[in-house]
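This report covers ring contacts and nonpolar cores. The sequence and structure come first.

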Amino acid sequence: MKKMLICVAAGTSMASVVPAMAQDAVTVQPFSGFHVEALAGYDVTKAGSSVDDDVDEDNDQSIDGFALGIGAGYDFRFNNFVVGPEAEVTWSTAKTSFKDGDFEGFGLGNVKANRDIYVGARVGYVVTPTTMIYAKGGYTNAKFDVNNASGTVETNRDIDTDGWRIGAGVEQAISKNVFAKVEYRYSNYKEGELDYSNDFPDGDRFDLDLDRHQIMMGVGVRF
């Protein structure tokens, strides 16, 4: 009987410990682990300093629009420091336009923005239990669809550009699994090539100068 009481007591103790361990296992620490997110914000691409039209002040040297995309990453947390890789793909509604017969160019021709791929990393610091500030940087590849002279028909060509990106932002943990963030990032594209959608080979790489500014908001989930 005494042995039975000891076994029952031990079993009761284990029964109380196991749920606690399971709860700890599924609890996600803020700013750590794998995450996915939805992104949206404002996107503007401008002619860089080497192609600015400083003579004609009325020439609009930028295209702007709404950006939308998805991202993913993995954060490693060391006390209050956070570091990890990240990647995303976004699309933009920005495009050049004709106003009263005047072509509002920005140094790249008559185009509209297509997809933008980014691969990089970020470093953050947890300033409160639920708030992190961070900086980021990496590689970006953006495409711009080439339109015809009137801007109403898309051709079978696009301009494929390569560049780099830096940025900074603030992330807020809403719960143990959900977070929201806002960030500013700057991208610079120095090289590009003309791609064709049919069997024609891609064109030779050429130099260009584009500055891209974005203010993005994101909502994500950690696993």
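## Aromatic pairs

Phenylalanine 76 is partly exposed, at 41% relative accessibility (buried is under 20% relative accessible area, exposed over 50%, partly exposed in between; 1.4 Å probe, protein chains only). The model is predicted: local features need pLDDT of at least 70, side-chain atom pairs count only at pLDDT 80 or more, and totals for chains, interfaces and linings use all residues. Residues are numbered from 1 along each chain as its sequence is written, and side-chain values use heavy atoms, without hydrogens and water.

The whole structure holds 4 aromatic pairs (ring centres of Phe, Tyr or Trp, the latter by its six-membered ring, within 6.5 Å; planes under 30 degrees apart are stacked, over 60 edge-to-face, the rest tilted). One of them joins tyrosine 74 and phenylalanine 76: 4.9 Å centre to centre, 50° between planes, hence tilted. Tyrosine 74 is partly exposed at 37%.

Phenylalanine 81 and tyrosine 125 pair edge-to-face, because their planes stand at 65°, with centres 5.1 Å apart. Phenylalanine 81 lies in strand 3 (residues 81-92) and tyrosine 125 in strand 6 (residues 111-128), so the pair ties together parts 44 residues apart in sequence. Strands are DSSP runs (E, at least two residues), numbered from the N terminus.

## Nonpolar cores

The largest nonpolar core has 13 residues (buried Ala, Val, Leu, Ile, Met, Phe, Trp, Tyr and Cys joined through side-chain atoms within 4.5 Å). Phe106, Leu108, Val111, Phe144 and Leu210 have the most contacts inside it. Strand 6, strand 7 (131-147) and strand 10 (206-222) each give two or more residues. Strand 7 gives the most, with 3.

A second, separate core has 6 residues, including Val82 and Tyr134.

Definitions and conventions: Helices (H or I, at least four residues) and strands (E, at least two) are DSSP runs, numbered from the N terminus.
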